[in-house]
Amino acid sequence: DSSGWGGVISQLNEDGYRTIAAANPLRSVATDAAALDSLIKSIPGDVVLVGHSYGGMVITEAADSNDNVKALVYVAAFIPDVGETAFSLSTMFPGSTLGDALQPVALPNGDADLYIVPEKFHDQFAADVASDLTSLMAATQRPVTQAALSEATTVATWKTLPSFTIYGTGDLNIPVEVQVFMANRAGAVKAIEIEGGSHALMISHPDEVSDLIENAATH
């Protein structure tokens, strides 16, 4: 959930930046982006959008039609082109073991919420984070719907906005080969590779993540 940004927020606030960790509904790309769009429109001044994982799909979509968005920062996140989904990107190259770690919970509308099995959470999601913290993260995780991960984006705002990305070589959700491909395709202004970094970089490497965000803010 959005509390995972705590370490990054503390550093950004200390350096004088106003931060908002938006609560991502994780229901669908279109509706999640619409919710973020409303929040962006309520903020005076320039905005740097930062997305983690599936959140990369959301910020890419939400940046469209918001002139105050000046840069996009992808933290172990998808950088989608038009028509791509989180599922299609994560399986573009081998290495993701997320599918075997998911526990679906059926929803009344025929969709399913996807949780990471608690016993697999540490190794799958945050292997470079202390196990006592990952136990708490596993218990408080917010599920994403299967439909959201299967929904394609309609815009690729990184084609007109400067993009920045940071990812780990130990990410088991989005393989490093996928990350390198997306960063190169997007022509990222700066791409940082964290040796051994897990999918939870904002928790395990908050200094590197906050430095990249500040880099984007001053670009």
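The model is a predicted one, in which local features need pLDDT of at least 70 and side-chain atom pairs count only at pLDDT 80 or more, whereas totals for chains, interfaces and linings use all residues. Residues are numbered from 1 along each chain as its sequence is written, and side-chain values use heavy atoms, with hydrogens and water left out.

Helix 3 covers residues 55–62, and because eight of its eight residues are buried, it is largely enclosed by the rest of the structure. Here buried means under 20% relative accessible area, exposed means over 50%, and partly exposed lies in between, with a 1.4 Å probe and protein chains only. Helices (H or I, at least four residues) and strands (E, at least two) are DSSP runs, numbered from the N terminus. The buried residues of helix 3 are Gly55, Gly56, Met57, Val58, Ile59, Thr60, Glu61 and Ala62, and they pack against helix 2 (29–41), strand 1, strand 2 and helix 4 (86–90). Contact, in this and later passages, means heavy atoms within 4.5 Å.

Within helix 3, Glu61 counts as buried at 15% relative accessibility. Not counting residues up to four places away in sequence, Glu61 touches Val29, Ala33, Thr153, Thr154 and Val155. Glu61 and Thr157 are 96 residues apart in sequence, yet their C-alpha atoms are 7.1 Å apart in space.

The loop between helix 3 and strand 2 holds Ser65, which is exposed, with a relative accessible area of 57%. The phi of Ser65 is near 75°, a positive value in a residue other than glycine. A positive phi, near 45°, also belongs to Ala76, again a residue other than glycine, but Ala76 lies in strand 2 and is buried, with a relative accessible area of 0%.

Strand 2 also contains Leu72, which is buried, with a relative accessible area of 0%. Leaving aside neighbours within four places in sequence, Leu72 is in contact with Leu49, Ile59, Ala63, Thr157, Trp158, Leu161, Pro162, Ser163 and Phe164. Between Leu72 and Ala183 there are 111 residues of separation in sequence, and 12 Å in space from C-alpha to C-alpha.

Helix 10 (residues 206–217) has twelve residues and reaches 16 Å from its first C-alpha to its last, close to the 16 Å expected at 1.5 Å a residue, where the expected span is 1.5 Å times one less than the number of residues. Its buried residues are Val209, Ser210, Leu212, Ile213, Glu214 and Ala216. These buried residues of helix 10 pack against helix 1 (6–14), strand 1 (47–53), strand 2 (69–77), strand 6 (163–168), strand 7 (190–194) and helix 9 (201–204).

Two packed helices are described by the angle between their axes and the distance between the axes. Axes are lines fitted to C-alpha atoms, for helices over the stretch in contact, and angles run from 0 to 180 degrees between N-to-C directions. Helix 1 and helix 10 pack at an angle of about 50°, with their axes 9 Å apart, and that makes helix 1 oblique to helix 10. Angles under 35 degrees count as roughly parallel, over 145 as roughly antiparallel, 65 to 115 as roughly perpendicular and the rest as oblique. The contact is made by Gly7, Val8, Gln11 and Leu12 of helix 1 and by Pro206, Asp207, Val209, Ser210, Ile213 and Glu214 of helix 10. By class, the contact of helix 1 with helix 10 has five nonpolar, three polar and two charged residues, where Ala, Val, Leu, Ile, Met, Phe, Trp, Tyr, Cys and Pro count as nonpolar, Asp, Glu, Lys and Arg as charged, and the others, Gly among them, as polar.

A further helix pair is formed by helix 5 (residues 118–125) and helix 6 (residues 131–140), whose axes come within 9 Å and cross at roughly 120°; helix 5 and helix 6 are therefore oblique to each other. Helix 5 contributes Pro118, Phe121, His122 and Phe125 to this contact, and helix 6 contributes Ser131, Thr134, Met137 and Ala138. The residues of the contact of helix 5 with helix 6 divide into five nonpolar, three polar and no charged.

Lastly, Thr145 is found in strand 5 (residues 144–145) and counts as buried at 2% relative accessibility. Leaving aside neighbours within four places in sequence, Thr145 is in contact with Leu26, Arg27, Leu107, Asp111, Ala112 and Asp113.
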